[in-house]
Amino acid sequence: MADKKKTLTALSQALKLEQEGREFYLKAADETLDGRGKAMFLSLADDERMHAEMIQRQLHAIEGDGLYVLLPDLSVPAIDLDARLFPPAQQDVEKKVGVNPSEIDALHVALENEIKSYDLYRAAAKEATDAAGKQMYQWLASAEMTHFNLLMSVYESLVAGGGWA
């Protein structure tokens, strides 16, 4: 492994983002009135828990023998590691009416959090020289992109007056 300290720092940052993301989604689920919204946030919280467990396993492996552990049965979709994600403009949402503002705020924060995680994972995937590390980071980047797309779909539905998608 080229730089164990750099790898441990990236994994620690990733673990922190996933843990914070889980806490945020649990809080958002608790504060969301709509049942579909609550279920979505709980599902995202569970995804973040699984991501954190995966990262924790890799942290232990790197701390031990300095190598990533290949993750079996992990299908990694091809993604463009140079593509960026963009959140919607908050001021555009504030012009809309009929939606619980705290739910829209939660979605906006969630979108920004997914972008942070995605950016961290895509950068780490681009820098990874270890095949197992690259695989994990690409998979995590893809998962965060999926979360972003789900949140954006719900966000757009809410601001258009269509309710929780």
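**First stop: helix α1**

Select α1, whose 28 residues reach 40 Å from the first C-alpha to the last, close to the 40 Å expected at 1.5 Å a residue (the expected span is 1.5 Å times one less than the number of residues). What you're looking at is a predicted model, where local features need pLDDT of at least 70, side-chain atom pairs count only at pLDDT 80 or more, and totals for chains, interfaces and linings use all residues. Numbering starts from 1 along each chain as its sequence is written, and side-chain values use heavy atoms, with hydrogens and water left out.

Now colour the buried residues of α1, among them Thr 7, Leu 11, Leu 15, Glu 18, Gly 21, Phe 24 and Tyr 25. Buried here means under 20% relative accessible area, exposed is over 50%, and partly exposed lies in between, using a 1.4 Å probe and protein chains only. Then click Glu 20, also in α1: it's partly exposed, at a relative accessible area of 40%. Its C-alpha is separated by 8.8 Å from that of Glu 48, 28 residues apart along the chain.

**Zoom out**

Helices (H or I, at least four residues) and strands (E, at least two) are DSSP runs, numbered from the N terminus. Of the 165 residues in the chain, 45% are buried.

**α5 and its partners**

Axes are lines fitted to C-alpha atoms, for helices over the stretch in contact, with angles from 0 to 180 degrees between N-to-C directions. Angles under 35 degrees count as roughly parallel, over 145 as roughly antiparallel, 65 to 115 as roughly perpendicular, and the rest as oblique. The crossing of α1 past α5 is left-handed, meaning the near helix is turned anticlockwise from the far one by less than a right angle. For the side chains, show Thr 7, Ala 10, Leu 11, Glu 18 and Tyr 25 from α1, which meet Met 136, Tyr 137, Glu 144 and Leu 151 in α5.

The axes of α2 and α5 come within 12 Å and cross at roughly 170°, which makes the pair roughly antiparallel. This crossing is left-handed too. The contact includes Phe 41, Leu 44, Glu 48, His 51 and Ile 55 from α2, with Trp 139, Leu 140, His 147, Leu 151 and Val 154 among those on the α5 side.

**Into the core**

Which residues touch the most other members of the largest nonpolar core? Select Phe 41, Leu 107, Tyr 137 and Leu 151, out of 49 residues in that core. A nonpolar core is a set of buried Ala, Val, Leu, Ile, Met, Phe, Trp, Tyr and Cys residues joined through side-chain atoms within 4.5 Å. α1, α2, α4 and α5 each supply at least two residues, and α5 gives the most, with twelve. Centre on Leu 107: leaving aside residues up to four places away in sequence, it touches Met 40, Phe 41, Leu 151, Val 154, Tyr 155, Leu 158 and Trp 164.

**Last stop: a loop**

Finish at Asp 80, in the loop between α2 and α3. Asp 80 is partly exposed, with a relative accessible area of 46%. Draw a C-alpha to C-alpha distance to Arg 122, 42 residues apart in sequence, and you'll get 8.7 Å.

Definitions and conventions:
Contact = heavy atoms within 4.5 Å.
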